[in-house]
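Have the structure open beside you as you read.

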Amino acid sequence: MQQPDRSQAPALPAFVPFDILKAQKHDLVHGIPAFSISAGSQEVIRIDFVFGSGSWNEEVPLAAGLTNRMLQEGSRFRSGRVLAETLDAYGAYLQYEAGVDRSGVSLYSLCKHLPAVLPTVLELIFMPGFPLAELETTVRNQQQQLSVDRQKVSVMARRAFMQAIFGAKNPYGYQADEADLAALRPDQLARFHKKNYTTDNLTVIASGWQAERALEQLNKALQELTPSFAEMMAVEHAFAHVTTGRIEVPKEGALQHALRLGKPMVGKLHADYMGLKVLNTVLGGYFGSRLMSNLREDKGYTYGVGSAILSYERGAFFTIATEVGAGVSDDAIEQIIKEIEKLRTELIPAQELDTVRSYLQGVYLSNFDGAFALADCFRDIHFFGLGYDYYDAYIGTVQSIGSQQLLELAQQYLAPDSLVVVRAGS
């Protein structure tokens, strides 16, 4: 039997195209748009209730996040404990999401129990009570957590970085403190809820076993609900002049420094976004990246370092994040800049680029593995106004982009003097 040649890496497998299972459009009562993705053999269902508002729509800081958090603390008719026990009895549970652009609740349930669970979920979402005692307890807990978190160099670096990128008053950059939490009142949360958690501001996505049937059951439950209409005003926020250069965030006695480097970046709708995602992967987007090879494997400065391009609906940014020993943070910054400069001056070797292609193709395949993953991928394009051809274009870019194109992107977007460099713990 012939032994494999272990001195040579095995050939990378060819990518096999496949058809993505697409979400199907439905219209529910009260004009609510809905989408279904029926997949999987387990009789479970996830229903995402997504509202088109988040902290971007706040009149007072933290109203969006705390409104979403308080949904689980009781309705106008039943306590939070009773609501939770009702869901637990059927093996259902909820996840809450409050972002900058959108907020919502996701229900996970056995399909056979969905008709019994839905009335409780709709009561919780559309008829919250915002009880004062529970609000005060929640605020105290979050104040304590925030007080602890704000002493961590990683949190200090992130807060300073986001303010530098977007501006301290912009919802993408604003960083809350304990006083913001203390100032919130039940009537402010009720006002935010009334304006934003409405049937005409809602999109529903059902994924899992017999998702179309789940939407039929939801539609029946929604008929008992009085339609509501958003009172939102179009809210615009200024993006401050972006800070560049070095920002030092002191913390006496810190044994580690947290580093954040980055800048505003083009978002998902820009023609260069997909190529920049490939470039970012080479730099710091996977375990074999250049930053990991340098700072972790070669220098031993850190357990982990990564870079990413994150796209919100109204803005995007590029970031590099790591924590290193206090005595090596200066050199760590120099090494990060060195790796960026190499991308701007040297072509990426073909073998390295092929490895990155293989990695990204594997991630691409895993992103569509299962009904809930398919729903997440649909959300990632739908709320940006994109169609499934976005994914065709992305995998096409991964397979075809060359080293010369990546060099040009690095030269255009990654000039070191365009970056903000934050060091917390100095």
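Predicted model: local features only at pLDDT ≥ 70, side-chain atom pairs only at ≥ 80, totals over all residues.

## How contacts are counted

Contact here means heavy atoms within 4.5 Å. With that cut-off, Leu343, Arg344 and Thr345 in H11 meet Leu407, Ala410 and Gln411 in H15.

Let's look at H11 itself. Helix H11 covers residues 329-345, and its 17 residues should span 24 Å at 1.5 Å a residue. The C-alpha atoms at its ends are 24 Å apart, which agrees with that expectation. Several of its residues are tucked away from the surface: the buried ones are Ser329, Ala332, Ile333, Gln335, Ile336, Glu339, Ile340, Leu343 and Arg344. Leu343 and Arg344, both on that buried list, also take part in the contact with H15.

How do two packed helices get described? For H11 and H15 (residues 403-413), the axes come within 7 Å and cross at roughly 125°. That angle makes H11 oblique to H15, because angles of 65 to 115 degrees count as roughly perpendicular and those over 145 as roughly antiparallel.

## Helices H9 and H12

A second pair to find is H9 (residues 273-284) and H12 (residues 350-366), whose axes come within 10 Å and cross at roughly 110°. H9 and H12 are therefore roughly perpendicular to each other. On the H9 side, the contact is made by Val278, Thr281 and Val282; H12 contributes Glu352, Leu353, Val356, Tyr359 and Leu360. The residues of this contact divide into 6 nonpolar, 1 polar and 1 charged.

## Asparagine 219

Next, zoom in on helix H8 (residues 211-222), where asparagine 219 is found. Is this asparagine 219 buried or exposed? Asparagine 219 counts as buried, because its relative accessibility is 19% and the cut-off for buried is under 20%.

Leaving aside residues up to four places away in sequence, asparagine 219 touches Leu28 and Val29. Leucine 28 lies 191 residues from asparagine 219 along the chain, yet their C-alpha atoms are separated by 5.7 Å.

## Cysteines

How many disulfides does the structure hold? The count is 0. As a reminder, a disulfide is a covalent bond between the sulfur atoms of two cysteines.

Cysteine 111 is buried, with a relative accessible area of 13%. Cysteine 377 also counts as buried, at 7% relative accessibility.

Definitions and conventions:
Residues numbered from 1 in each chain as written. Heavy atoms only, no water. Helix = DSSP H or I, 4+ residues; strand = E, 2+ residues; numbered from the N terminus. Expected span 1.5 Å × (residues − 1). Buried < 20%, exposed > 50% of the residue type's maximum accessible area, 1.4 Å probe, protein only. Disulfide = S-S within 2.5 Å. Axes fitted to C-alpha atoms, helices over the stretch in contact; angles between N-to-C directions. Parallel < 35°, antiparallel > 145°, perpendicular 65-115°, else oblique. Nonpolar A, V, L, I, M, F, W, Y, C, P; charged D, E, K, R; others polar.
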